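Good morning, everyone. Please have a look at the chain on the screen, and then I will walk you through its side-chain contacts.

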Amino acid sequence: MMLVWIMSLIMTLSGLIHSLEHFLGLKIRIVASQEKQLQDWIQSESDLVACENQAIDHFEKLNFVSANTSSSSSLQPLCQIKQIDQNAQYQLFKVRSGDYFLFESTILFDIQDGKKLRLNWRQFYRSESID
């Protein structure tokens, strides 16, 4: 009887150890996935900032003639830039960028001061158009 009790105790402990190993394996995967998502998020945000700067540079060089551009360089992120409004004092742009996470911002560019102001920011889905 004592032997059966010891065997059941050993079986219970081995089941608990197996469950603990499984739980820790899942936890490691979750943490790795969260770190990857955070890296992708940070990269997408820095791509958006680069696209905002590219929009200002592009429209300054072309004297605000063109309204849409796409980056052809592999070093720069793919940008969707749309000029929303034009005035003697400011330019208003909508900029989209990102690879895994897709972001959109609206930029107000003061022509006289040369200052850029991000009016809003949002995450969007690939199915949405650049209205």
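**Aromatic rings**

Let's start with tryptophan 121: at 35% relative accessibility, this residue counts as partly exposed. The cut-offs are these: buried means under 20% relative accessible area, exposed means over 50%, and partly exposed is in between, with a 1.4 Å probe and protein chains only.

A word on the source. This is a predicted model, where local features need pLDDT of at least 70 and side-chain atom pairs count only at pLDDT 80 or more, while totals for chains, interfaces and linings use all residues. Residues are numbered from 1 along each chain as its sequence is written, and side-chain values use heavy atoms, with hydrogens and water left out.

Back to the rings. How many aromatic pairs are there? The count comes to four. Here is the rule: rings of Phe, Tyr and Trp (its six-membered ring) pair if their centres lie within 6.5 Å; planes under 30 degrees apart count as stacked, over 60 as edge-to-face and the rest as tilted.

Take tryptophan 41 and phenylalanine 103. Their ring centres are 4.8 Å apart and their planes sit at 75 degrees, so this pair is edge-to-face. Tryptophan 41 belongs to helix H1 and phenylalanine 103 to strand E3 (residues 102-110), so the pair ties together parts 62 residues apart in sequence. Helices (H or I, at least four residues) and strands (E, at least two) are DSSP runs, numbered from the N terminus.

Is phenylalanine 103 buried or exposed? Phenylalanine 103 is buried, with a relative accessible area of 0%. Now its other partner, tryptophan 121. The ring centres of phenylalanine 103 and tryptophan 121 are 4.9 Å apart, with planes at 40 degrees, so that pair is tilted. Again the pair links distant parts of the chain: phenylalanine 103 in strand E3 and tryptophan 121 in strand E4, 18 residues apart. Tryptophan 41 is partly exposed, at 32%.

**The disulfide**

Next, the sulfurs. A disulfide is a covalent bond between the sulfur atoms of two cysteines. Here the test is a pair of cysteine sulfur atoms within 2.5 Å. The structure holds one disulfide. Which cysteines form it? The partners are cysteine 51 and cysteine 79, with sulfur atoms 1.8 Å apart. The link of cysteine 51 and cysteine 79 is left-handed, with -75 degrees about the S-S bond. Cysteine 51 lies in helix H1 (residues 2-61) and cysteine 79 in strand E1 (residues 79-86), so the bond ties together parts 28 residues apart in sequence. Cysteine 51 is buried, at 0% relative accessibility. Cysteine 79 is buried too, at 1%.

**Salt bridges**

Now the charged side chains. A salt bridge is a side-chain nitrogen of Lys or Arg within 4 Å of a carboxyl oxygen of Asp or Glu. A search of the whole structure finds six.

One of them joins aspartate 40 and lysine 36, with the closest N and O atoms 2.9 Å apart. Both residues lie in helix H1, four residues apart, about one turn of the helix. Aspartate 40 is buried, at 16%. Lysine 36 is partly exposed, at 44%.

Another salt bridge joins glutamate 52 and lysine 116, at 3.6 Å from N to O. This pair links distant parts of the chain: glutamate 52 in helix H1 and lysine 116 in strand E4 (residues 115-124), 64 residues apart. Glutamate 52 is buried, at 3% relative accessibility. Lysine 116 is partly exposed, at 34%. There is a wider picture here. Glu45, Glu52, Lys116 and Arg118 are linked in a network of salt bridges.

Then arginine 96 and glutamate 104. Their closest N and O atoms are 2.6 Å apart in a salt bridge. Arginine 96 is buried, at 3%. Glutamate 104 is buried as well, at 7%.

**A polar contact**

Last stop: glutamine 91, in strand E2 (residues 90-97). Glutamine 91 is buried, with a relative accessible area of 1%. Which residue does its side chain contact? A polar contact of 2.4 Å joins the side chains of glutamine 91 and glutamine 83. By definition, a polar contact is a pair of N or O atoms within 3.5 Å; within protein, one must be able to donate a hydrogen and the other to accept it, and residues adjacent in sequence count only if both atoms are side-chain atoms.
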